[in-house]
Amino acid sequence: MKKIEAIIKPFKLDDVKDAILKLGVGGITMTEVKGFGRQKGHKEIYRGAEYVVDFLPKIKIEVVVATELVARVVDTIKEHAYTGQIGDGKIFILPVEKAIRIRTGEEDRDAI
Amino acid sequence: MNEGAASLGASGFGVPRRYSDLMDRFISSVLCGAGLSEGAMSGKGKGLAVLALGSYGRRELCFGSDVDLLVLHQGRLMPGSEEKISRGLYELWDAKLEVGHAVMTIPECIRLAMSDFKVLSSVLDARRVMGSHEIDQLFQTAFSPRLDRERQTLLRQLLVYAQRREERYGKEDFFVEPDLKEGLGGLRDFHFMSWMARIYFKCRNLREIRRFALFSHFDVGRLTHSKRFLLHVRNQLHSMAGRREDRLLMDLQQELAYRLGYGDDRSLTAVEKFMQQVYLHLNRIRYGYELFAAKTLDIVDPGPSEEPVLEKTSEFQVFKGNLVLRKEGLSEKSPLVIMRAFDEANRRGLFLGSGFVWEARKRLAADGKALAHMKGAKDLFLGMILNPANPRIIRLALEVGLIDLFIPEFRRIRNLALSDVYHVETVDLHSLRTMEVIAGISKGLQDDRSPLYRKVFTELVHPPHLFLAGLLHDIGKGYGDDHAVKGAEMIPRILKRLDVDGEGARKVSFLVTHHLLLARISQRRDLSDEKTVVQVAQTIQDRDLLNMLFLLTIADSLATGPLARTDWKLMLLTELYFKVRKVLEGESLATPDATNRIESRKRELLQALAAEYPTSALQELMEQVSSRYFLIMPPEIMTAHFRMALNLGPEPFSWVLQKIEGAPVTRMTLCIRDRPGLFSKMVGVFAINNIKVLSANIQTLKNGLAFDVYEVTNPLDPFRENEKWDQVRDEINMVLDDRLPLDDLIHEKGRMSLGAEKSRRSRDRKIKIENAASDFFTVIEVSAEERTDLLYELAKTLHGLGLDIRFAKVNSDREKMQGVFYVRTGEGQKVTQEEALRAVREGILQVFC
């Protein structure tokens, strides 16, 4: 099992969410976050207002999937989150030791 | 899910239906258990109806499918109902079903369906599972008139949806791993037809469409059979993958083929036979859908009719853009009419009326053989095939069996897809498309890519030969052997049958035999090595044949797929074409007196640099360089090298970077202090920076310098190319000082690769060692599945065996790496000893593991 964390542009949330759901991931967690990468200080237009600040609004998506799905989920996120402009985001892959479903106590495969 | 599969047995097309029935009973019992009995739901005024939607509603439930339920009620929901429904749903979720649900009143449902196309398509297939009949009836009687009222709006939505699907699934990666549900020709196409039939023709079932005159010949039965085949495969796929997987992933294809009972034999593997069936059914459904959609659109939203009018004496007339017989009854006429119809439609850019097509298909099945032998039939056939102005008609000719009639060998390649990631169409369609591309070139459609192609076309002596070659170049596929050789064997017989004259037969035969030559040589050989070009020129010998072969290769590449037609590959082809052409025109590279040319090159170089450097220094440097260098390097590169060498201070190297026009490639002209194993170190540094080496040319000087030229892919981030090159420069410096743990970095990179889970296809591995390809070098060709560290390891191994790599060309993509290395022993000789050759082979095999 691996956890895939993706930081993406906010307006791409629906696209990415719909696309990875089609692949059969069990569930998704989404957080509104702020961040920046190498372009610190670059101007970026967000919802009509110009910001010249370090921290820009982003969306973080987290999914935990079976290892054999990782490559496809990553490719799908890349494809749907892409714009070609600075700030498209990043994807991280982390190993997951265990997963447990609270309501039933199921573990690992059955929990995701 | 797996228990379900086991209990129903894994064979038979009826499984989805039985699974749906099983699901009905299961859901009924669960909901009853939660307190929602039939009685409780059917009371007057407090009714509830549970409807199945989507694929469940259609009774096409596959093992991984979602179970979509709709609970309809009137007015307010009874107290306690919500709790009971929840309880039921929980149980269904815990049973590991993917349940989607909604609880609504009838008006709410209709309103939602009319505002959201996805909901609408799901609801169109609604089917009562349990509960109030009355509610179900009320729903249907309210829904149908609404559909009717808004059918124009719905049409627009359908078209938008269809367009989006085509854009998304028409992309080439979806061909090799087709999506059985959403892909083109998949189940969705069939659903679309059913929906259209329901909305526009009020048919509850697609079969009913035949009541309508315009659809009386529509072969619903065949399409239904294809649908059931795909559904069956999809079900097995779900069962095998353990989840809702609709794409026939390459890794799953083989096991699925065996599961479904296909076996390997000498000419086709189980996968190839299986996929042939899959494509057959996909193509059939896609083709049927296109016809259906076109006809429906005609009726529902007819455009303005500007019909071309034919002469009164013509036996045909035009009706709604299609050619039909002026006077009834194909059955009374000679079957030659069919040929004439196709020919006429081709020339005028029209299609044929479907009634005519249906009758023609029947007639061909009955009298085909007689037709093929009739006087004039062949000429009409050739006339059409050799001037393919209308691709739709040619495609139709394939579909009705007309091409098979005159070229029975075509049957073998129908719907054939060989296990190969490069081709995006089955062999038969690919052949037609190759002809289409050639026609496009002649009309200037490829001028943006390169105006050269059309120019070459205008020089052709007899273009129809090229079209014939395009049609037949892959005819030898499907027999398990080398298809170029096999195809060449078959050509004389085919052409004799078509009464093509001797000269034409000779040329077409040649083209088919050698249709892979230019691609192979340009991608795997040193094009600046005279011998390479001369050998090709000697094989071809004739300029017209060269022109035809060039265009055939270009068309074949363009028609194959994006991996085959990269800008880089097309550039290499063009380079080879020009070089061979020069040889054939007598301006040869291969004058017996190469010494003269070397001298004149040296003189030119001296002149170019005389203003900047003292002649003595230049001459002294020239002494250090092998004569061969002056023959193969273009002047601008030589001047760059010489400048860098003469300016080189204490720093270990210097380079000039130049971006190549027409492809995403950078040329690095490098002057560096040579050292053992340098090539593999350079390759390593490139690899850890995600830069791929496309070609490398290495010239060592007597004074310990090296004049190299590398052609590599551009850095991945176009915004940060300079930073990336700075990093590469730093890392090369480090690696020259042995301060960079290259091995570790490369292996770490390989280990982290996402593709590590993919199964290794070891049957693609090849090693070929040739001593006849070059006068000076042994040529080693290696082919294997792609790996981050592969090129690095190969370079290190060859170096470890004591070999000097002087030239390399690498072709790599997601799947495969093909590399060619021109090597010499440490003493400057070719590798000829048996033992040495064996050591090389074994060394390379080690790398593969």
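I am working from a predicted model, where local features need pLDDT of at least 70, side-chain atom pairs count only at pLDDT 80 or more, and totals for chains, interfaces and linings use all residues. Residues are numbered from 1 along each chain as its sequence is written, while chains are lettered from A and ligands numbered from 1 in the order in which they are written.

**Chain A, sheet.** I looked up the strand order and found β2-β5-β1-β6, an open antiparallel sheet of 4 strands. Strands here are DSSP E runs of at least two residues, helices H or I runs of at least four, numbered from the N terminus. Strands pair if DSSP finds at least two bridges between them. The edges are β2 (29-35) and β6 (89-95), each pairing on one side only. I then checked β1 (residues 2-8) against β5 (residues 56-65): they pair over 7 bridges, antiparallel. I4(A) stands opposite V63(A).

**Chain B, helix pair.** I took α18 (residues 391-400) and α20 (residues 427-442) of chain B; they pack at about 155°, axes 11 Å apart. Axes are lines fitted to C-alpha atoms, for helices over the stretch in contact, and angles run from 0 to 180 degrees between N-to-C directions. That angle makes α18(B) roughly antiparallel to α20(B) (the term covers angles over 145 degrees). For contacts (C-beta atoms, placed from the backbone, within 7 Å), I noted P391(B), I394(B), R395(B) and L398(B) in α18(B) meeting D428(B), L432(B) and E436(B) in α20(B).

Conventions
Angles under 35 degrees count as roughly parallel, over 145 as roughly antiparallel, 65 to 115 as roughly perpendicular and the rest as oblique. Two residues are in contact if their C-beta atoms, placed from the backbone, lie within 7 Å.
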